[in-house]
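Look at the sequence and the model below.

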Amino acid sequence: MSRRGRRRLPGISVLLAMGLLAIAVVLAVAPQTIAPLDPLRVDVMRRLLPPVWLAGGSAGNPLGTDQLGRDILSRIIHGARVSVFVATAAVGTAGLIGITLGVASGFFGGWVDRVSMRVADVQLAFPAILLAIALVAVLGPGFWKVVIVLTATGWVNFARVVRGAALTLRGQEFVDAARGIGARPSRIIMRHIVPNLLGPTVVVATLELARVIIVEASLGFLGLGVQPPTPSWGNMLSDARNYVATAWWLSTFPGFAIALTCLSVNLVGDWVRDTLDPRLRGLRSFDL
Amino acid sequence: MQQFIARRLLDAIFVVLGVSFVVFIMVHLSGDPVLLMLPLDASQQQVDEFRHRLGFDRPLLAQYLRFLTGAARGDFGMSLRFNQPALRLVAERFPATAELALVSLALAAGFGVPAGVIAAVGRGRGWDVGIRVLALVGQAVPIFWLGIMLILLFGERFRILPTSGTGTWRHLVLPAVSLAAYSAASISRLQRSAMLEVLGREYVMTARAKGLRNLTVITKHALRNALIPVVTVIGLQMGTLLGGAIITETIFAWPGVGRLSLQAIQSRDYVLVQASVFVVATVFVLINLVVDILYAVLDPRIRYE
């Protein structure tokens, strides 16, 4: 098998990953129809129940209950909502901004290019998670603020990759030809540049999705994300820290949810990258 | 070469200027920095007094110039909570963070590079699959959760390692491992693909055809060339590690800059937040500068890009 001729069909692990992601999306869209219990219902008589397979566990709470007697499984199901929605909203807007600036910089060059790449340089001087924490601390926590902060820290990755791709495309013959027959820049961009940027953009988007899910969970863990009582995987872990010694299930299951989701995104992302464009192998993960 | 260094230095200075502006403007993003810093029940008189004392009643540009000249002299103002110069507090905590980040970097490279090489050499075999699965998991597990799981296992269940504070090398094990995992995974994946690329090259085939021992071919002919892209990435991992240190330090009560800045955020001590964010970003810029220059020394082609 030559290295270029990679298989196009997804392997079993990629299919599994796609299935898991589909489940995550379904949970996010309709958690209340799937979750067995109300994730907010406090029941002090049923505090810190272990998972069902341990002594003292109850079938009513398969993954156990937390320090307020809330059902862990239901909270994880509802928590998917925050992870999935924050990630798609943040990556979507960051993508739009990054692609626009990237195309403008790569295609036109000039001051747009100089300004946006300088801003990108400055932004990349901050470890992304540090910038995210500091910004949320100033703006305040909450769903939309988290989305704004993750957008602000994520557009750079799109812009740089898209700019590079647009620069290469600009010099290609079919672009020269389009210009030669008198096509306007807007037409060249929409018809010739943007469609060719799809590959790298999709690859960046999958890398970004995994990054954003982890950063959002980290913010939640630090108490800076979506605020309780709304369950998110991150803020569940934040509460669980005080019970590491006594109730391991509080901190174990939400973490599994995050890790499985990111693993799935990465697996699908790798497959998409190899399928769309093996030359993009150099694009690895982004700095957290 | 001098020209190259001069250009990079100039870039770095510009970036640090940009960093200072971001750090300065950050506290203004909420609208009123004074309300951000004072407790919610502060009286109007206290607010006005505070505003005047910290100079927030002046024009924005004047404030920035003052911030910039202060930062240039290492003066970020007094920490609101500790009532000590903010930079001194950050400087006191910096060695702990540097220690943690450097040990983690060594761990990440020390595991990542050999793992990537082994995986590439044994491509498709059990080793390769095992290492790739580990790397995928390593990139999917958030630092803070890994930290909690390590505490759960080694601190609570087996009780063989301390889970908080500092002192002996044993205190360093859990924080360093949880911080290093993500970087080790990234490095091993990159090393594997760089190695695969090189193993297919003609000079490697020539070396094999000459009848050189497999180990010689791998270490002398393949690895040396496959290390070049990895070295750059190892440098860039410092950013990930410095960022991750915030979380690791918080979980393991490690007395570094990360924990300090998070505590500063929680106690609304934004003077201290500014100082620590500025220091971390500037250190990162310097590291990148050094990596760039080293890279140009190692690979002369870079200088003429």
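In this predicted model, contacts in chain A between residues at least 6 apart in sequence are made up as follows: 72% of them join residues at least 24 apart. The elements that the chain is built from are helices, eleven of them, with zero strands. Taken along the principal axes, a box of roughly 75 × 50 × 30 Å holds the C-alpha atoms of chain A.

Next comes the interior. Chain A has 288 residues, and 49% of them are buried. The largest nonpolar core has 175 residues. Which of its residues touch the most other members? They are A:Ala132, A:Ile133, A:Ala134, A:Val136 and A:Ile213.

The last topic is the contact between chain A and chain B. Chain A gives 39 residues to this contact, and chain B gives 44 residues. On the side of chain A that touches chain B, at least two residues each come from helix H4 (110-124), helix H5 (128-139), helix H9 (198-221) and helix H11 (248-276). By kind, the residues on that side of chain A are 27 nonpolar, five polar and seven charged.

Methods
Residues are numbered from 1 along each chain as its sequence is written. Chains are lettered from A and ligands numbered from 1 in the order in which they are written. This is a predicted model: local features need pLDDT of at least 70, side-chain atom pairs count only at pLDDT 80 or more; totals for chains, interfaces and linings use all residues. Two residues are in contact if their C-beta atoms, placed from the backbone, lie within 7 Å. Helices (H or I, at least four residues) and strands (E, at least two) are DSSP runs, numbered from the N terminus. Ala, Val, Leu, Ile, Met, Phe, Trp, Tyr, Cys and Pro count as nonpolar, Asp, Glu, Lys and Arg as charged, and the others, Gly among them, as polar. A residue is buried if 20 or more other C-beta atoms lie within 10 Å of its own, exposed if 12 or fewer, and partly exposed in between; C-beta atoms are placed from the backbone. A nonpolar core is a set of buried Ala, Val, Leu, Ile, Met, Phe, Trp, Tyr and Cys residues joined through C-beta atoms within 7 Å.
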